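This briefing covers a pocket, a surface patch and a set of charged contacts. Please read it alongside the sequence and the coordinates.

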Amino acid sequence: MYQLCYVLYGLVQNGHLQSAYFGDLIGATLFPFGSFFIGYTITAGVAALIYGFLLYEKDENTYTQKQFTIRLILASILVTVIANIGLNTLWISITTGKAFMVLIATRIVKELIMIPIKVVTILFLEKVLRKPFNKYLRSEND
């Protein structure tokens with residue numbers, strides 16, 4: 001869950017935007033599944049930008065839990081609409097030759113189902129990992 005990296009470390013700190021690109025490239029090289037297409041790497045970067053800008057907490061009390069939840073829901077919706085439904089559907093259409101409108105219909109249903117699952121998972125993991133992160137890593141990174 002790369003989203004958690006952007007919550008804890010931020011977008012720019014320690015080159016996490018580059019990690020989205022390099023992570024995608026390394027994953028495609030080590031675990032090839034089909035042919036490589038740069039569009040998916042661009043999508044990983046766009047998702048990283050959205051999550052990084054909306055979720056990063058510079059210090060422990062940047063957001064209340066309610067504010068963080070609202071920002072997480074907004075980030076998840078933006079990533080779903082822009083990156084997953086928009087860009088990824090375009091890339092699938094380009095690489096497979098299937099019609100964009102045919103692909104988008106099924107992808108919308110799947111992505112809308114995944115939004116609450118992503119939000120609940122990230123909220124749970126952030127709550128569990130925030131204290132150990134602040135205790136052991138926060139002072140080293142600031």
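**Pocket, patch and salt bridges**

The model is a predicted one, and every value below is computed from it.

**Largest pocket**
- The largest pocket holds about 340 Å³ of space, and its lining is made up of 14 residues, of which Asp 24, Ala 28, Phe 33, Phe 36 and Tyr 40 lie nearest the centre.
- By residue class, the lining of the largest pocket divides into eight nonpolar residues, five polar ones and one charged.

**Nonpolar surface patch**
- Phe 22, Leu 25, Ile 26, Leu 30, Phe 31, Phe 36, Ile 38 and Ile 42 form a nonpolar patch on the surface, and together they have about 830 Å² of accessible area.
- Helix 2 and helix 3 (38–55) each supply at least two residues of this patch.
- Ile 42, which lies in helix 3, is partly exposed, with a relative accessible area of 38%.

**Salt bridges**
- The structure holds two salt bridges: Lys 110 pairs with Glu 111, their closest N and O atoms being 2.8 Å apart, and Lys 118 pairs with Glu 111, with the closest N and O atoms 4.0 Å apart.
- Salt bridges that share partners join Lys 110, Glu 111 and Lys 118 into one network.
- Lys 110 is partly exposed, with a relative accessible area of 42%, whereas Glu 111 counts as buried because its relative accessibility is 2%; Lys 118 is buried as well.

Key:
Residues are numbered from 1 along each chain as its sequence is written. This is a predicted model: local features need pLDDT of at least 70, side-chain atom pairs count only at pLDDT 80 or more; totals for chains, interfaces and linings use all residues. Side-chain values use heavy atoms; hydrogens and water are left out. On a 1 Å grid over the protein atoms alone, a cavity is a set of points where a 1.4 Å probe fits but cannot get out, and a pocket is an open set with protein on both sides within 12 Å along at least five of seven lines; lining residues have an atom within 4 Å of a point. Grid points are joined across faces, edges and corners, and a volume is the space filled by probe spheres set on the points. Ala, Val, Leu, Ile, Met, Phe, Trp, Tyr, Cys and Pro count as nonpolar, Asp, Glu, Lys and Arg as charged, and the others, Gly among them, as polar. Patches are made of residues with over 30% relative accessible area and no salt bridge: like charges are joined within 9 Å, nonpolar side chains (Val, Leu, Ile, Met, Phe, Trp, Tyr) within 5 Å. Accessible areas come from the Shrake-Rupley method with a 1.4 Å probe; for residues, only the protein chains shown count as cover. A salt bridge is a side-chain nitrogen of Lys or Arg within 4 Å of a carboxyl oxygen of Asp or Glu. Helices (H or I, at least four residues) and strands (E, at least two) are DSSP runs, numbered from the N terminus. Buried means under 20% relative accessible area, exposed over 50%, partly exposed in between (1.4 Å probe, protein chains only).
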